[in-house]
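Please open the structure in your viewer and keep the selection panel at hand. The stops below go from the whole chain to single residues.

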Amino acid sequence: MSFVDQAIPVFSDTLVPPIVRGTADLTTFAYQGNDYEALMQRVDSGAAPNPPAAEEAARTYDAAIAAQLAFRRAEGLNLQDAALEASRIWRVGGAPEGALRLLALVGPGDLMTNTPLDFLTNHLNVRLDLLYLLPDRPLPPVIPDHDVAFFALGEADPATLARLRRLYAAWPRPALNDPRFLPALERDTLSRSLAGIPGICSPTAVATTRAALQAHLDTDCPIEGFDTPAGLYPCLIRPSGSHAGAGLSRVAIPGELEDYLRFCFEQRFFITAFEDYRGADGLYRKSRVGFIDRQPLLCHMAISSNWMVHYLNADMTESAAKRAE
């Protein structure tokens with residue numbers, strides 16, 4: 001057995017980690033039209049008073065988020081590394097009175113690495129603590145006590161997945177989001193799992209490589225596994241591991257695919273058959289469904305004139321009519 005996490009940390013009622021604004025607060029602020037300078041002013045104002053020893057660490061953590069929101073990804077990840085050297089436990093937005101205590105186990109990386117729970121918890125009577133799992137590093141010896149743990153990593157390499165599974169099985173508090181199911185949620189695996197179910201249109205999605213795509217462009221050979229009647233076009237292409245539209249494009253002809261590869265330097269991709277899902281009014285609707293105890297629950301819907309729908313850029317907060325629907 002690896003030395004990592006041979007023992008569950010001690011749970012403490014008195015440990016108070018640095019308090020940060022977090023992803024949801026700063027992302028919402030950015031999507032309201034605020035630039036990097038305004039974001040940093042918000043970071044400097046702090047989410048809540050911190051002890052002097054934690055103040056600079058909290059600022060560095062939030063500055064890492066602000067840099068990524070300003071498309072300064074490398075700078076943001078370097079700042080995150082510095083913050084995680086100072087602390088691997090963070091509290092988002094303080095601790096409401098009598099709140100449910102939620103601990104999220106998360107991993108280092110960009111804004112899409114973990115489930116952004118604070119988009120939910122910021123509006124609820126929930127105290128959210130983030131515990132970072134770093135590769136080949138044991139968990140801190142003491143962590144905040146909590147009522148519920150949530151395993152929030154969205155993807156994991158084999159070593160990290162094995163670690164998450166061990167921790168989930170051994171965790172002494174109620175835990176949500178069993179990491180055993182992460183491999184089943186890969187884009188291509190999920191597409192195949194849902195194919196053929198009555199009432200569901202599950203577009204073909206396959207993992208492929210730059211070499212396979214280039215061979216398709218050079219010789220018109222098909223992409224392995226992509227056997228739709230209409231052929232490859234139109235399709236969506238994105239780098240493996242990307243989320244929230246990062247690197248995502250729709251290509252309708254070989255020339256557009258060639259242009260995409262010319263300006264993207266990744267080596268592995270997902271391609272997905274594009275389904276034109278506009279309604280009769282010409283608008284695209286995307287709904288999110290959560291499953292709790294095997295029951296589907298509608299979480300939210302976003303309505304946009306653009307096929308790449310995101311709640312924040314679909315003007316949902318500004319449109320009462322959209323929200324009413």
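With the whole protein chain selected, the accessible surface (Shrake-Rupley method, 1.4 Å probe) comes to about 18,000 Å², of which 55% belongs to carbon and sulfur atoms. This is a predicted model, in which local features need pLDDT of at least 70 and side-chain atom pairs count only at pLDDT 80 or more, while totals for chains, interfaces and linings use all residues. Residues are numbered from 1 along each chain as its sequence is written, and side-chain values use heavy atoms, with hydrogens and water left out.

Along its principal axes the C-alpha trace spans about 65 × 50 × 40 Å. Buried residues (under 20% relative accessible area, with exposed meaning over 50% and partly exposed in between; 1.4 Å probe, protein chains only) make up 41% of the 325 residues.

Next, select residues 22–31 and 36–45, which are helices α1 and α2; their axes, lines fitted to C-alpha atoms over the stretch in contact, with angles from 0 to 180 degrees between N-to-C directions, come within 10 Å and cross at roughly 145°. The contact (heavy atoms within 4.5 Å) is made by D25, L26, F29 and A30 of α1 and by A38, L39, R42 and V43 of α2.

Move on to T121 in helix α5 (residues 118–121), which counts as buried at 7% relative accessibility. Leaving aside residues up to four places away in sequence, T121 touches L102, V126 and L128.

Now select the loop between α8 (210–219) and β10 (235–239), where P234 lies; a cis peptide bond joins Y233 and P234, with omega about -10°. D220 is in the loop between α8 and β10 as well, and has a positive phi of about 65° although it is not a glycine. D220 is exposed, with a relative accessible area of 62%.

Finish at D293, in the loop between β13 (284–292) and β14 (295–304). Phi of D293 is near 55°, a positive value in a residue other than glycine, and D293 is exposed, with a relative accessible area of 69%.

Key. Helices (H or I, at least four residues) and strands (E, at least two) are DSSP runs, numbered from the N terminus.
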